[in-house]
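Subject: The structure, and what I found in it

Hi there,

Here is the structure I promised to pass on. Have a look at it first, and then read on for my notes.

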Amino acid sequence: MNRYIRLRQKALEILNTELPEELYYHDIGHILDVLYVVNRYIRRHEIDKINGNLLRIGALLHDIGFTRTKIEHEAKGAEIAKELMPQFGYTEEEIKIVQDLIMATKIPQSPKTEMERIICDADLDYLGRRDFYDIGEKLYKELKFAGVVDNQDDWNKLQIKFLTSHSYHTEFAKTNRQPNKEKRIEELKALFED
């Protein structure tokens, strides 16, 4: 069994057993969705095996910091990557790439490399997909539990603010996700028109 498969098994074990139950959005389903989208980018961009696996690890670990904290979870995730990856034979250089991938997903996103742009767009891929409202409902529930929003109106206003400030980074997402995201913005704004 190769090192990526072994690390993936360990990461999924940690995520399945240690993510807090009140994370309705940042759950194992979200991690697997980001991993699925990253895999599609890897094929689309014909990314080599080593970098492809580093991107996959970034997807698996990008929210693992939530197993230890809800504040600055990306930085904690980068720490966990540094603890976990050497156990599977990853080099300092590979660990740094994964740490940078994790940190690039922090909002507001600030990707500097192609791989960072990919993971950022994979993380927020749903903003321009048909399942936007279903996934958004999970985030609403999570934020309401955390006391960030009180009601649906607060939530919809927060979504409008977030969606209008967000930018996709890859050509694929700009072409295939941005138009749907624009429709969601208009739909949400229409809820507040008289």
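Predicted model: local features only at pLDDT ≥ 70, side-chain atom pairs only at ≥ 80, totals over all residues.

Leaving aside residues up to four places away in sequence, Leu158 touches Leu143 and Val149. Gly52 lies 106 residues from Leu158 along the chain, and the C-alpha atoms of the two are 34 Å apart.

Gln87 belongs to the loop between helix H4 (73–84) and H5. With a relative accessible area of 53%, Gln87 is exposed, because the cut-off for that class is over 50%. Between Gln87 and Leu7 there are 8.4 Å from C-alpha to C-alpha, although the two are 80 residues apart in sequence.

**Helix H2**

H2 covers residues 28–45. This helix has 18 residues and reaches 26 Å from its first C-alpha to its last, close to the 26 Å expected at 1.5 Å a residue. Its buried residues are His30, Ile31, Val34, Leu35, Val37, Val38, Asn39, Tyr41 and Ile42. What covers them includes helix H1 (3–18), helix H3 (49–61), H6 and H9.

**Helix H6 and its two partners**

How many of the ten residues of H6 are buried? Eight of them are, so this helix is mostly covered. They are Met115, Glu116, Ile118, Ile119, Cys120, Asp121, Ala122 and Asp123. These buried residues pack against H2, H3, helix H5 (92–104) and H9.

Take H2 as a partner of H6. The two helices pack at an angle of about 135 degrees, with their axes 8 Å apart. They are therefore oblique to each other, and H2 passes H6 in a right-handed crossing. On the H2 side, the residues that meet H6 are His30, Val34, Val37, Val38, Tyr41 and His45. On the H6 side, they meet Glu114, Ile118, Asp121, Ala122 and Asp123.

Now take H5 as a partner of H6. Here the angle is about 45 degrees and the axes are 9 Å apart. H5 and H6 are therefore oblique to each other, and their crossing is right-handed. Ile97, Asp100, Leu101 and Ala104 in H5 meet Met115, Glu116, Ile119 and Cys120 in H6.

**Helix H10**

H10 runs over residues 178–190. At 1.5 Å a residue its 13 residues should span 18 Å, which agrees with the 18 Å between its end C-alpha atoms. Which residues of H10 are buried? They are Gln178, Lys181, Arg184, Ile185 and Leu188. Seen down the helix axis, these buried residues of H10 fall within an arc of 110 degrees, so they line one face of the helix. An α-helix has 3.6 residues a turn, so residues three or four places apart point the same way. What covers the buried residues of H10 includes helix H7 (132–145), helix H8 (152–165) and helix H9 (171–176).

Happy to go through any of this with you.

Best wishes

Definitions and conventions:
Residues numbered from 1 in each chain as written. Heavy atoms only, no water. Helix = DSSP H or I, 4+ residues; strand = E, 2+ residues; numbered from the N terminus. Expected span 1.5 Å × (residues − 1). Buried < 20%, exposed > 50% of the residue type's maximum accessible area, 1.4 Å probe, protein only. Arc of directions from axis to C-beta. Contact = heavy atoms within 4.5 Å. Axes fitted to C-alpha atoms, helices over the stretch in contact; angles between N-to-C directions. Parallel < 35°, antiparallel > 145°, perpendicular 65-115°, else oblique. Left-handed = near helix turned anticlockwise from the far one by under 90°.
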